[in-house]
Amino acid sequence: MSIWWSLHLRREAASVPLARRLLLGTMETAGVDPDVSYDLSVALSEACANAVEHGGDIGYGDSSGAFRVTAYLDGEKCRIEVADSGPGFTRPQPVRLAPSGAENGRGLCLIQELADHVQIGNKPGRRGAVVRFDKILKWRKDAPLMAV
């Protein structure tokens, strides 16, 4: 069983909980274990918050005011991708812990901790950053859409 959806969202704070609620609703409907759903929803929120904060530049056209979220539930795995139209990363980004008590800089580290596999980089040949992460799914016993 596969589920796939993609959202084109404005770079506004209100877009973050919208994406999170859609992911949680999809996973609940499919029968994904609530702990796995929660982990993925926190990781998605962090990736979306980064896209809202860093993902655009007013001087680069209309697309800089938006970002894209795509989610795939396919078999035993969920893959989520958040892509923006910002300047991207100027060099490869090592994921490192933020200083204790820091209010910023923990998002990529949280994603790394909550997901099984994480890729962070730039869109090939275009402006913008892409954060992609996967997690192996666990299913509730009564899961209506569980992979067979």
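Predicted model: local features only at pLDDT ≥ 70, side-chain atom pairs only at ≥ 80, totals over all residues.
Residues are numbered from 1 along each chain as its sequence is written, and side-chain values use heavy atoms, with hydrogens and water left out.

Let us stay with S15 for a moment. S15 sits in helix 1, and S15 is buried, with a relative accessible area of 7%; buried means under 20% relative accessible area, exposed means over 50%, and partly exposed is in between, with a 1.4 Å probe and protein chains only. Leaving aside residues up to four places away in sequence, S15 touches L9, R10 and F67, where a contact means heavy atoms within 4.5 Å.

Now let me step back to the whole chain. There are three helices and five strands, and from the N terminus on they follow the order β-α-α-β-β-α-β-β. Helices (H or I, at least four residues) and strands (E, at least two) are DSSP runs, numbered from the N terminus. Of the 148 residues in the chain, 41% are buried, and among contacts between residues at least 6 apart in sequence, 66% join residues at least 24 apart.

Next comes helix 2, residues 34–54. This helix has 21 residues and reaches 30 Å from its first C-alpha to its last, close to the 30 Å expected at 1.5 Å a residue, the expected span being 1.5 Å times one less than the number of residues. At its start, a side-chain oxygen of D33 comes to within 3.0 Å of the backbone nitrogen of D35. The buried residues of helix 2 include V36, L40, L44, A47, C48 and A51, and what the buried residues of this helix pack against is helix 1 (15–30), strand 2 (66–74), strand 3 (77–84), helix 3 (107–114) and strand 5 (129–136).

Which residues touch the most other members of the largest nonpolar core? In this core of 35 residues, they are L40, L44, V69, I80, V82 and F133. Strand 1 (2–10), helix 1, helix 2, strand 2, strand 3, helix 3 and strand 5 each supply at least two residues of this core, and helix 2 gives the most, with nine residues. A nonpolar core is a set of buried Ala, Val, Leu, Ile, Met, Phe, Trp, Tyr and Cys residues joined through side-chain atoms within 4.5 Å.

L40 touches L23, M27, C78, I80, F133, K135 and L137, not counting residues up to four places away in sequence. V82, which lies in strand 3, is buried, with a relative accessible area of 4%. Under the same exclusion of residues up to four places away in sequence, the contacts of V82 include L44, A47, C48 and A51, and also F67, V69 and V131. The C-alpha atoms of V82 and R68, which are 14 residues apart along the chain, are separated by 5.7 Å.

Finally, I turn to strand 5, which is mostly covered, since six of its eight residues are buried. Strand 3 and strand 5 run antiparallel and are joined by seven bridges, with K77 standing opposite I136 in strand 5. Strand 4 (residues 117–122) pairs with strand 5 in the antiparallel sense as well, over six bridges, and there the bridge partner of I120 is V131; two strands count as paired if DSSP finds at least two bridges between them. In the hairpin of strand 4 and strand 5, with six residues between the strands, G125 takes a positive phi near 70°.

Helix 3, for its part, has G107, L108, C109, I111 and L114 as its buried residues, and what covers them includes helix 2, strand 4 and strand 5.

Notes
Polar contact = N/O pair within 3.5 Å; in protein donor to acceptor, adjacent residues only side chain to side chain.
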